[in-house]
Amino acid sequence: MSVHKDLIKHAKNQNQSYQEFQALDELREKYIEEAVELCRQGQPFTTDKINEVTNKMNRINLRIISLRKNVTTEMVQEYVNSLANK
């Protein structure tokens, strides 16, 4: 019975970590969209908030999900340029 309880506790912890990861992923995408929009408008922007969330995501120990890369301003500019060329 102890093993069963341990498995339930582990599954609950994994689910909680996954839910936290998902919330952070949504926040990261929001910050990326904000940076892209500012870049499109030619306004100054940073990737600080994006990378802060990214680092939090990468600290969550979920083996089934790959690590996220930090975003640079150059990456955002390249993405915006690629949208303009379409």
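Of the contacts in the chain with a separation of 6 or more, 65% are between residues 24 or more positions apart; contact here means heavy atoms within 4.5 Å. The structure is a predicted model, in which local features need pLDDT of at least 70, side-chain atom pairs count only at pLDDT 80 or more, and totals for chains, interfaces and linings use all residues. Residues are numbered from 1 along each chain as its sequence is written, and side-chain values use heavy atoms, with hydrogens and water left out.

**The whole chain**

Begin with the complete chain in a cartoon view. It contains three helices and zero strands, and from the N terminus on the order of elements is α-α-α. Helices (H or I, at least four residues) and strands (E, at least two) are DSSP runs, numbered from the N terminus.

Along its principal axes the trace spans about 60 × 20 × 15 Å. The radius of gyration of the chain is 18 Å, whereas a compact globule of 86 residues would have a value near 12 Å; this radius is taken over C-alpha atoms, and the globule rule is 2.2 Å times the number of residues to the power 0.38.

Now display the surface. The chain exposes about 6,700 Å², of which carbon and sulfur atoms supply 50%. Buried residues make up 26% of the 86 residues, where buried means under 20% relative accessible area, exposed over 50%, and partly exposed in between (1.4 Å probe, protein chains only).

**The nonpolar core**

Select F21, I50 and V76. These residues have the most contacts inside the largest nonpolar core, which has 17 residues. Helices α1 (2-40), α2 and α3 (73-84) each supply at least two residues of this core, and the largest share, seven residues, comes from α1. A nonpolar core is a set of buried Ala, Val, Leu, Ile, Met, Phe, Trp, Tyr and Cys residues joined through side-chain atoms within 4.5 Å. In soluble globular proteins, nonpolar side chains tend to be buried together.

Keep V76 selected and show its surroundings. Which residues does V76 touch, not counting residues up to four places away in sequence? They are A35, V36, C39, F45, T47 and V71.

**A buried threonine**

Move to T54, which is found in helix α2 (residues 48-59). Is T54 buried or exposed? T54 counts as buried because its relative accessibility is 0%. Leaving aside neighbours within four places in sequence, T54 is in contact with R28, R68, K69 and N70.

Select L27, whose place is in helix α1. L27 counts as partly exposed because its relative accessibility is 27%. Draw a distance from L27 to V53, 26 residues apart along the chain: their C-alpha atoms are separated by 7.5 Å.

Then select E26, also found in helix α1. E26 is exposed, with a relative accessible area of 59%. The C-alpha atoms of E26 and S2, 24 residues apart along the chain, lie 36 Å from each other.

**A loop position and the charges**

Continue to Q43 in the loop between α1 and α2. With a relative accessible area of 37%, Q43 is partly exposed. From Q43 to I64, 21 residues apart along the chain, the C-alpha separation is 37 Å.

Finally, colour the charged side chains. The chain has 13 positive and 12 negative ones, and the centres of the two sets lie 8 Å apart. Lys and Arg count as positive and Asp and Glu as negative, while His and the chain ends are not counted. Each charge is placed at NZ of Lys, CZ of Arg, CG of Asp or CD of Glu.

Methods:
Accessible areas come from the Shrake-Rupley method with a 1.4 Å probe; for residues, only the protein chains shown count as cover.
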